[in-house]
Amino acid sequence: MDPIHANVVKDVPGEKTKIGTSIVDTAAATIQSFGPTKQIHQHLCAFHFYADDMTRQVEAHHYCGHLNDEVRQCLIYDRPDADARLIGVEYLVTEELFLTLPDEEKPLWHSHEYEVKSGVLFLPGVPGPVERKDLEKVAKTYGKTIHFWQVDRGDELPLGLPQVMMALTRDGQLYPNLAKDVESKYGVSFQKERENRAYMEGLAHGIHPKANAAGVGLKTVLREIDCKPSSDPPPSVPRVFV
Amino acid sequence: MASSDKTPDSMPVGAGKVPPGKPMTVGDQVIDKSAQMLQTLKPIKQMSQHVCTFAVYGHDMSRQIEAHHYITRLNQDFLQSAVYDSNEPSANLIGVEYIVSDKIFDTLPPEEQKLWHSHDHEVTSGMWVCPGVPERIQRTEFENIAHTYGKFWCTWQVDRGDRLPLGAPALMMSPQIANMGVIKPELVHVRDNKFKISTEELKKSRANIPVSNPGNARVADYWMHTGKGFAIDIEHAEMKMKEPQVEIKMVEAPKFP
């Protein structure tokens, strides 16, 4: 039986914003420049699941900007609305850059090839031909996703530890009711898109065996430590790999 | 497997850029732009404030960073911010901070409270600034923020030389009046020069902002009470798998004679 997903959005606890506060916000928004966030150019919808629990699947709205042609950084919200909750972040890198990551790091990243080619990852509101031009590139990237707010378990506030998230890698993983819900909300058909994207190439070297947590589960654990400033000076130059 | 307080293995230096990678081609920029015109990006449009302040790594308080918050207010008691390492268009997204009023903070269990930090000192010391916005306009907002608590996860330790976001997320703490929470003067000077402000002067003008009483058994700023910080480890775990979809065929119940 499919689990119940937290479709009912509870309000974040707190009083409605007071007029005085709102005026200050508006003033700031008018005066200030928003350099980094003006780079956010794209809204992308996909699904994530918890790295230790594939039964908990989350609709994830990514708002992405390019740092360069090979690296993107995204803010993840639970829905595409003005009152959406910021639930996490994702970074995307090309296959080439992924391969330069230390081996210990690779399991924290997931491949995007399946999500793109199956049609479940899409750009809401963007016509197919334009969307596909960009998704051709996304299919060849890896992502690292951390969520901070477990809205799917009904948390009204961002409680607990950050969670490593993974992405779909094969048919049969995505809950049909979640898929249908998203398809009808955004007027898309994953099956149709799968057909349209059949021409796309995936990763040149195939999915790296260490990616997608190398097929095992991952969890985050809190460790208490003595809080002393480190006696070593912090590294001030990048370490050279020889 | 990965820990927020463990330096990751090296990556090839390449040209040394952070992050590595080729610049966008004109063609890609055109695709980007044409998609952008068709999408509304509503959550991003809600960001209403840019704040520049400082933060300290909870597991190594000698490491301090300038942090740029792009803040959205969800209601009178809750804010969420995307945190970058500068205010430039090329800034790296280094984490997320959530901010709640003391009223909401007091509803959190102690185990959760330990992960949060107070903001009163940050505001009254002049660390927390809204570049470009006159102080007097921000006054009521400062009075609000001085009564809030924050939870800040850092996902990219740029200051340690990471050219890409490596390792486990790190828990950050806030500037405080004493000891390991004091922000290095040279960091403050660099920030002040960039924004043509004087944190010293701001401190004077904010001296009379009321701050919340620490009472109520609040457990924020855990390091101040215990001398302990927190690191995050990422470990192997049993993956809870999805049950295979089984088609259930209804069969007629056997008839008994």
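The model is a predicted one.

We start with the interface. Here 114 residues of chain B are in contact with 113 residues of chain A. Interface size is often quoted as the accessible area lost when the parts come together. For chain B and chain A, the buried area comes to about 9800 Å², with carbon and sulfur atoms giving 62% of that area. As for where the contact surface of chain B comes from, strand β9 (residues 228–237) of chain B gives the largest share of the side that touches chain A, namely 10 residues. Sorted by class, that side of chain B has 55 nonpolar residues, 33 polar ones and 26 charged ones. Salt bridges also cross between the chains, and their count is 9. One of them links B:Asp5 to A:Arg223, where the closest N and O atoms are 2.8 Å apart.

Next comes strand β4 (residues 78–84) of chain B, which is mostly covered, as 7 of its 7 residues are buried. The cover reaches both faces of β4(B): B:Phe78, B:Gln80, B:Ala82 and B:Tyr84 are buried on one side, and B:Leu79, B:Ser81 and B:Val83 are buried on the other. This strand pairs with strand β3 (residues 60–75) of chain B in the antiparallel sense, over 7 bridges. B:Val83 in β4(B) is the bridge partner of B:His69. The two strands, β3(B) and β4(B), form a hairpin, with 2 residues between them. β4(B) also pairs with strand β5 (residues 93–101) of chain B, again antiparallel and over 7 bridges. In that pairing, B:Phe78 stands opposite B:Val100 of β5(B).

Back to salt bridges, this time over all chains: a search of the whole structure turns up 38. In chain A, the side chains of A:Arg197 and A:Glu193 meet in one, at 2.9 Å from N to O, and both A:Arg197 and A:Glu193 are buried. Chain B has a buried pair too: B:Asp162 and B:Arg160 are both buried, and their side chains meet in a salt bridge at 2.8 Å, N to O.

The pair B:Glu143 and B:Arg139 also forms a salt bridge, at 3.3 Å from N to O. Both residues sit in helix α6 (residues 135–145) of chain B, 4 residues apart, or about one turn of the helix. B:Glu143 is partly exposed, having a relative accessible area of 30%, and B:Arg139 is partly exposed as well, at 24%. Finally, chain A holds a salt-bridge network, which links A:Asp78, A:Arg79, A:Asp81, A:Asp83 and A:Arg85.

Conventions
Residues are numbered from 1 along each chain as its sequence is written. Chains are lettered from A and ligands numbered from 1 in the order in which they are written. This is a predicted model: local features need pLDDT of at least 70, side-chain atom pairs count only at pLDDT 80 or more; totals for chains, interfaces and linings use all residues. Side-chain values use heavy atoms; hydrogens and water are left out. Contact means heavy atoms within 4.5 Å. Buried area is the accessible area (1.4 Å probe) that two parts lose on being put together, summed over both. A salt bridge is a side-chain nitrogen of Lys or Arg within 4 Å of a carboxyl oxygen of Asp or Glu. Ala, Val, Leu, Ile, Met, Phe, Trp, Tyr, Cys and Pro count as nonpolar, Asp, Glu, Lys and Arg as charged, and the others, Gly among them, as polar. Buried means under 20% relative accessible area, exposed over 50%, partly exposed in between (1.4 Å probe, protein chains only). Two strands pair if DSSP finds at least two bridges between them.
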